[in-house]
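Please walk me through this structure, with the cut-offs behind each term.

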Amino acid sequence: MPELPEVEVVRRGLERWVAHRTVADAEVLHPRAVRRHIAGPDDFARRLAGHRIGTPSRRGKYLWLPLEDTDQAVLAHLGMSGQLLVQPHETPAEKHLRIRVRFADALGTELRFVDQRTFGGLSLHDTSADGLPDVIAHIARDPLDPLFDDEAFHLALRRKRTTIKRALLDQSLISGVGNIYADEALWRARLHYERPTATLTRPRTTELLGHARDVMNAALAVGGTSFDSLYVNINGESGYFERSLDAYGREGLPCRRCGTPMRRRPWMNRSSYFCPKCQRPPRVTP
């Protein structure tokens, strides 16, 4: 699923091409695409019409479009294959086009939500005083957020009876980090994914956060990580960070640091990639 860099790439594109445009009308072509909007497709389309889109915002992997003249926002859940594309009106409809939003201006482009697997969708929600959709109020700030509290994160880690990769994927502790960037940050920090969080010192937590920020900023610079055509920006272009991955997907290849073959282990219905020499497993106490 898209992680912070991929979602931020989309957000930046929407800020450039969609922000401050007024919705003329919206068309829902598949009801599952608005299943999280409890009132249904017709209500979703009706409530968007005539409203002006504000500056798109993001927290972790979550992206939303505020409606400037209301206390509501359109929350976008990309799921496994969701794409938000800005296309000229005359562009033929994509095979898996689910929602179309037209604007009341002469720019000649519209916003499309395309989703092959229909796991994602759009929904309208009330927002809090800080503009956050109420349904994601429990999501923590992400490490690229200027207000992310490093010290509070360290203290939360020390209190948790869990392992470091589980903590990195816990969106109530730190948002935006998924399987790919967790493996990358842990490789850079030379930490095994099963390292107990209670054993991390403050300098080690600081180092890990620094690596998480570095790897996600590096991914952002090249448009994120795209393993197939499902992960694209608003212009339908793929990112290129896959070429720079040091851990994820490199089973059997030499560690870029020490040359030891990288390993993959099943982990929580996913996989963890690591170097057995650089990232030694924690000692098991009797």
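Are Phe148 and Phe153 buried or exposed? Both residues are buried, where buried means under 20% relative accessible area, exposed over 50% and partly exposed in between, with a 1.4 Å probe and protein chains only. This is a predicted model, in which local features need pLDDT of at least 70, side-chain atom pairs count only at pLDDT 80 or more, and totals for chains, interfaces and linings use all residues. Residues are numbered from 1 along each chain as its sequence is written, and side-chain values use heavy atoms, with hydrogens and water left out.

The structure holds three aromatic pairs. Rings of Phe, Tyr and Trp (its six-membered ring) pair if their centres lie within 6.5 Å; planes under 30 degrees apart count as stacked, over 60 as edge-to-face and the rest as tilted. One of the pairs is Phe148 with Phe153: the ring centres are 5.8 Å apart and the planes stand at 55 degrees, so this pair is tilted. Another is Tyr193 with Phe274, where the centres are 5.5 Å apart and the planes are at 65 degrees, so the pair is edge-to-face. This second pair links distant parts of the chain, since Tyr193 is in the loop between α5 and α6 while Phe274 is in strand β10 (residues 270-274), 81 residues apart. Helices (H or I, at least four residues) and strands (E, at least two) are DSSP runs, numbered from the N terminus. Tyr193 is buried at a relative accessible area of 9%, and Phe274 is buried at 5%.

Two charged side chains also meet rings. The charged end of Lys165 sits over the ring of Trp267, 4.5 Å from its centre, and Arg257 lies over the face of Trp187 at 3.9 Å from the ring centre. The criterion is that NZ of Lys or CZ of Arg is within 6 Å of the ring centre and within 35 degrees of the ring normal.

Helix α6 covers residues 202-221. Its 20 residues should span 28 Å at 1.5 Å a residue, and the end C-alpha atoms are 29 Å apart, which agrees; the expected span is 1.5 Å times one less than the number of residues. Buried residues of α6 include Leu208, His211, Arg213 and Met216. The buried residues of this helix pack against α1 (4-17), α3 (150-159), α4 (164-168) and α5 (179-189), with contact meaning heavy atoms within 4.5 Å. After α6 comes Gly223, whose phi is positive, near 85 degrees.
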